[in-house]
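Please consult the sequence and the model alongside the text.

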Amino acid sequence: MLTTTPAPVLPPLRIGRHVIDSPVVLAPMAGITNRAFRRLCRQYGAERPGTDGASGATSLYVSEMITSRALVERTPVSMRLIEHDADEQPRSIQLYGVDPVTVAAAVRMLVTEDRADHIDLNFGCPVPKVTRKGGGAALPWKTELFRGIVSAAVREATPYDVPVTVKMRVGIDSDHVTYLEAGRIAEGEGAAAVALHARTAAQAYSGQADWSRIAELKRAVTTVPVLGNGDIWSAEDALRMVYETGCDGVVVGRGCLGRPWLFTDLAAAFGGSDTRVEPSLGEVAATLRRHAEYLVEFHGDEGRGCRDIRKHIAWYFKGFAVGGELRHRLALVDSLAALDDLVADLDLDQPWPGAAAEGQRGRAGSSRMVALPDRWLASRGLDEAQQARVALAEESVSGG
């Protein structure tokens, strides 16, 4: 009997010189997308390729957000966060910055020292400690500052053939929308792709992402890929986003929490297959254990690694019959041996619980007033006082 390979839904994603076979990008998440988690996702994808050969290992896995000033000052935290495994290709780093000179210096360091193959610029973070300094989702409101940062990064990276991309939000709030203008500026200044989280900063992670904004950006930006982000909890959500918006790929954040196999599902879906990973509790527990082991290695300390895995446990076991008391004890685990002892008490033969394990994960929160520098919304340009504050705004702290 003849069998046919399913037609792919999307072609590979091209970002500069890089070809991303599975057109999926891991969204940077502070305290989550470190080297340990990225390795776990890649390995899971490589071990579980789809029937069509599609592999979650071929997605683009981006680092946690790194503060440009901290990177230039080579703080120990930042230097650890930019580390990659030897087999991690392309090596992708996301930078946050509010000063073109500092961002340029950070990019220069990364490319001249051969520490990155792709650099993403963060203009989407809604966290108050970032926006109150004019950074993240607040920054595109200042049009020339935004242009200056993108231009400076591209100027430093281009001689080394390292593509620069931009990730942003719809705007500060519904009255201060910036994404279409920012997308055109980024395209004009040489960005290799633009990604849109289809919420405003005021929404944070609440409510629904407005995917129609992704479709509008796709119509406005025509020479580089446009990626969609927001409310992708399953491969089916990703397919629907592509059909509704015409985007060239998707960016996945909270949907992969406790589900590194989501990238395997996405690779299969975009390859035209309806095969999905539905792990038993035993396989989930083994994946959790491997994650914990990688975190111990990443931190260089068993106690720190086990404290780090605690926040992942509820996400991994969502929908399974684990029991409140055991969940509580797992959330206090302080060693790999203790984790092993607790996992041994689970009914590891439990099958995948289906809908109970699907859907939203991570905190949604509620809409809020965005913290901004004084008089930030008075004009689209920087006054002298704002220029002085922006130049001093970057702290030696990565993450956020």
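## Basis of the description

The model is predicted, and local features are reported at pLDDT of at least 70, side-chain atom pairs only at pLDDT 80 or more, while totals for chains, interfaces and linings use all residues. Numbering starts from 1 along each chain as its sequence is written, and side-chain values use heavy atoms, with hydrogens and water left out.

## Overall fold

The protein contains 15 helices and 12 strands. These elements are DSSP runs numbered from the N terminus, helices being H or I of at least four residues and strands being E of at least two. The radius of gyration is 21 Å, close to the 21 Å that the globule rule gives for 400 residues, so the protein is as compact as a globular protein of that length. The radius is taken over C-alpha atoms, and the rule is 2.2 Å times the number of residues to the power 0.38. Along the principal axes, the C-alpha trace spans about 65 × 55 × 40 Å.

Of the 400 residues, 58% count as buried. Buried means under 20% relative accessible area, exposed means over 50%, and partly exposed lies in between (1.4 Å probe, protein chains only). The protein exposes about 15900 Å², of which carbon and sulfur atoms supply 51%; accessible areas come from the Shrake-Rupley method with a 1.4 Å probe, and for residues only the protein chains shown count as cover. Among contacts with a separation of 6 or more, 76% are between residues 24 or more positions apart. A contact means heavy atoms within 4.5 Å.

## The pair α11 and α14

Two packed helices are described by the angle between their axes and the distance between the axes. The axes of helix α11 (residues 281-299) and helix α14 (residues 336-343) come within 11 Å and cross at roughly 175°. That angle makes α11 roughly antiparallel to α14. On the α11 side the contact is made by A285, L288, R289, A292, E293 and V296, and on the α14 side by L336, L339, D340 and V343. These contact residues divide into 7 nonpolar, no polar and 3 charged. Axes are lines fitted to C-alpha atoms, for helices over the stretch in contact, and angles run from 0 to 180 degrees between N-to-C directions. Angles under 35 degrees count as roughly parallel, over 145 as roughly antiparallel, 65 to 115 as roughly perpendicular and the rest as oblique. Ala, Val, Leu, Ile, Met, Phe, Trp, Tyr, Cys and Pro count as nonpolar, Asp, Glu, Lys and Arg as charged, and the others, Gly among them, as polar.

Helix α14 also holds A338. A338 is partly exposed, with a relative accessible area of 22%. Its C-alpha atom is separated by 9.5 Å from that of C306, 32 residues apart along the chain.

## The enclosed helix α10

In helix α10 (residues 262-270), 9 of the 9 residues are buried, so this helix is largely enclosed by the rest of the structure. The cover over these buried residues includes β3 (24-26), α1 (35-47), β4 (60-67), α9 (235-245) and β12 (249-252). G272 follows α10 and has a positive phi, near 95°.

## Local backbone features

Most residues other than glycine have a negative phi, and most peptide bonds are trans. R74, not a glycine, has a positive phi of about 55°; R74 sits in the loop between α2 (68-72) and α3 and is partly exposed at 40% relative accessible area. D114 likewise has a positive phi of about 55° without being a glycine. The loop between α4 (100-112) and β6 (118-123) holds D114, which counts as exposed at 52% relative accessibility.

Q89 and P90 are joined by a cis peptide bond, with omega about -10°. P90 lies in the loop between α3 (76-81) and β5.

## Two buried residues

Y96 belongs to strand β5 (residues 92-96) and is buried, with a relative accessible area of 5%. Y96 and T67 are 29 residues apart in sequence, yet their C-alpha atoms are 4.9 Å apart in space.

R199 lies in the loop between β10 (193-197) and α8 (212-220) and is buried, with a relative accessible area of 1%. Not counting residues up to four places away in sequence, R199 touches several residues, including R169, Y205, Q208, D231 and R254. R199 and P126 are 73 residues apart in sequence and 9.9 Å apart in space, C-alpha to C-alpha.
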